Amino acid sequence: MTSASAPEHTAEQTSADLVDAVRAVWADALETDLAAVPADASFLSLGGDSVLAVRMAAMLRKRLGTPLALADVRVEQNAAQLAALVHERSAGSGTGALRPLPLDLRRREDPDAPFPLLPLQQGYFVGQQDAWELSYRSAHHYVDIGLEDIDADEAPEALQDALERLAEHQAVLRARILPDGRQRILPLDDPEAVPQLQVTDLRDADEETAAARLAEIRHEMSTEGPDPSRGCGLDMRLTLMPGDRARLHSSTSLLIIDGWSSGVFYRDLFALVSDYNAVLAPLDIDYGDYVTTLRDLPGTEAWQQDRDWWWDRLDDFPLPPALPLVADPAEVRPTLMGTRQAVLAPERWSALRRLCTEHGVTPSAAMFAAFAAAVARACGHRRFLLNTLQLNRLPLHPDVSRLVGAFSSTMLLPVELPAAPVFADLAGRAQQDIGDALAHNLITGVEVSRELGRRRGTHRPVAPVVFQSTLGVDAALGSEVPQEAGPLGAIDLLSHHQQLRTPQVALEVRLFELRGELVVVFSLVEELFAGADVDRMFADLMATVESLVEPEGWAAVVGLPDAVDGEQDGPARQTSGRRLSVPAAAEGGAAPGPPRDDVERAVAAHWRKLLDCPVQERTADFFALGGDSLLAVRMLASLAREGLGRVTPRRFLRQPTVAGLAAALREPDDR
């Protein structure tokens with residue numbers, strides 16, 4: 001994680017004991033000896049990255065009592081520089097460019113009380129109401145992995161026992177989403193609280209029958225994911241196969257579990273499965289405590305500074321990449337995202353990581369640069385807006401990194417590639433741009449997207465092409481998923497099948513590590529793209545990744561389009577819907593003036609109460625008045641309860657004015 005500036009201090013200017021204390025934290029975070037952490041070596045050069053920096057920042061806070069923000073912890077810093085910053089923070093001085101964490105985490109008085117959804121959770125929840133283009137009934141990730149030498153008699157009972165103990169330890173596994181868009185934790189004695197394992201026994205089936213049934217389970221769990229607004233947010237199943245083999249299936253709602261949490265979940269689960277007597281280290285806080293604490297964030301100066309930083313830049317943000325489409329995103333109704341997947345072998349991935357360190361960039365920054373270049377070549381221009389998914393866990397408490405929850409947030413990144421860069425420079429530029437944005441991470445990409453949509457007069461997704469990297473999570477968690485898990489036998493992570501469904505996303509690249517391999521995945525709405533275009537783009541990306549295994553790849557000139565952006569033919573192409581862009585305005589329009597009839601007056605009264613502002617014009621736009629998608633869902637539900645009529649969020653978004661909603665209430669449709 002980076003900030004805009006760092007103090008120019010040396011080890012001589014800071015207590016040697018403090019430098020050694022920082023070195024000791026780094027040694028533990030990096031799982032190495034203190035002697036292997038020189039005071040003048042950067043965290044990045046020692047094998048650290050931005051993900052591992054989250055864990056390191058929390059360890060510093062716990063051991064040294066210094067409330068460092070993630071924006072203060074730069075992967076390019078050495079231990080002496082970071083010790084100088086700790087010294088400044090402890091002394092109460094500051095340079096003005098640095099900031100402490102603005103909040104202290106506190107426990108909730110009532111652990112059973114509802115608490116808010118974080119911004120990205122809100123986006124997923126609203127997407128499940130059919131409110132957005134490219135939305136689904138459930139936002140979830142499905143995966144199944146291979147098991148060998150399983151003890152079929154003991155495994156189901158051991159797995160169910162582990163789920164029950166884990167649901168007690170990780171409270172969010174008992175979370176439910178309420179109709180008003182809040183969440184709560186069910187008490188353990190609630191009969192619906194604990195996830196229930198489903199077992200399918202195919203041990204006596206022939207291979208063809210077993211394969212067909214396995215395909216059925218995969219399809220069902222991929223397309224009908226768990227929804228914590230209706231039940232448990234985790235669906236786990238075990239399929240016993242012929243020959244002491246099995247598949248462990250897990251479908252998790254993105255409303256409760258993010259990428260980091262998945263690693264925590266599986267490590268804890270397999271530890272409990274392996275040993276009936278295993279006891280996990282207690283957690284002093286839960287996910288609800290973290291979320292509740294963040295309610296005070298908008299009142300802090302640091303949050304307001306981050307908001308101003310983003311808001312000052314929004315008018316210059318480009319449109320999404322003009323990728324060629326075969327359908328209008330507003331018209332498709334996808335049920336499943338398509339997949340392209342490739343791997344980089346462990347020895348080649350290790351070589352690539354070494355070259356990242358030599359060039360002073362994280363692997364994630366290098367992969368972002370490679371993806372941006374592939375996008376540019378696919379869309380024909382070099383300036384566009386990408387979305388990124390960040391493991392944005394503020395280190396408010398040492399236990400934050402050990403919690404399961406939906407902590408992730410998005411972050412918008414404008415991309416403007418130079419005409420003919422060498423790859424090393426492109427990666428360095430990506431490192432700087434990502435670092436600058438992460439230094440202002442108290443405002444999430446969901447909040448930035450809402451403001452950008454307001455300014456552009458659109459309610460379509462403003463950044464539907466996504467980059468997600470969980471590279472470094474294993475190191476940050478301190479271990480990989482184990483090779484074996486007691487009665488579950490040997491865990492074969494390389495034998496895995498997965499599907500993703502996430503709303504408002506047309507194309508997402510995901511990068512993660514499995515057993516030392518780099519895995520690169522495209523998840524996309526197949527209905528939007530020509531298959532050959534997607535295949536070509538994915539092959540282009542992988543060719544770049546493969547080239548970075550050798551030093552020559554970093555020195556090579558990156559071929560990019562001549563065009564700077566894809567907006568030259570703006571209005572005509574925008575309104576056609578045949579590109580990932582933002583239309584100029586919502587459809588239609590009513591004559592101005594005060595509300596004209598009882599329905600319009602009732603709508604205006606609802607808005608006035610909900611938004612706490614005057615609503616005197618029938619052409620007033622709900623979002624321009626300060627509303628957001630979650631408030632819109634609540635408002636429509638309230639109108640339905642009062643008998644004024646039912647309008648789907650998607651219909652409302654077509655004309656979100658007083659007059660437009662009143663017309664929809666008079667003449668509802670099912671579109």
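User: In this predicted model, where is the place of R515, and does R515 count as buried or exposed?
Analyst: In the predicted model, R515 sits in the loop that runs between β13 and β14, the latter strand covering residues 517–524. Its relative accessibility is 17%, and since the cut-off for a buried residue is under 20%, R515 counts as buried.

User: What is the phi of R515, and what is the phi of Q504?
Analyst: R515 is a residue other than glycine with a positive phi, near 50°. Q504 has its place in the loop between β12 (490–501) and β13 (507–514). Q504 is likewise a residue other than glycine, and its positive phi is near 65°.

User: Does D149 count as buried or exposed, and which residues does D149 touch?
Analyst: D149 belongs to the loop between strand β2 (140–148) and helix α5 (155–169). Because exposed means over 50% relative accessible area, D149, at 62% relative accessibility, counts as exposed. Leaving aside residues up to four places away in sequence, the residues that D149 touches are D244 and G489.

User: How many Å apart in space are D149 and P487, C-alpha to C-alpha?
Analyst: Along the sequence, D149 and P487 are separated by 338 residues. In space, however, the distance from C-alpha to C-alpha is 8.5 Å.

User: Which residues of α4 and α19 meet, and how many of them are nonpolar, polar and charged?
Analyst: On the α4 side the residues are Q122, F125 and V126, and they meet S629, L630 and V633 in α19. Sorted by class, this contact has four nonpolar, two polar and no charged residues.

User: What share of the residues of the protein counts as buried, and how many helices and strands are there?
Analyst: The protein has 671 residues, and the share that counts as buried is 60%. Its secondary structure comes to 21 helices and 14 strands.

User: What part of the contacts with a separation of 6 or more comes from residues 24 or more positions apart?
Analyst: Among the contacts in the protein with a separation of 6 or more, those between residues 24 or more positions apart account for 77%.
The accessible surface is a separate matter, coming to about 26,200 Å², and the part that belongs to carbon and sulfur atoms is 49%. For the contacts asked about, the value is 77%.

Note on methods
Residues numbered from 1 in each chain as written. Predicted model: local features only at pLDDT ≥ 70, side-chain atom pairs only at ≥ 80, totals over all residues. Heavy atoms only, no water. Helix = DSSP H or I, 4+ residues; strand = E, 2+ residues; numbered from the N terminus. Buried < 20%, exposed > 50% of the residue type's maximum accessible area, 1.4 Å probe, protein only. Contact = heavy atoms within 4.5 Å. Areas by Shrake-Rupley, 256 points an atom, 1.4 Å probe, with all protein chains shown as cover. Nonpolar A, V, L, I, M, F, W, Y, C, P; charged D, E, K, R; others polar.
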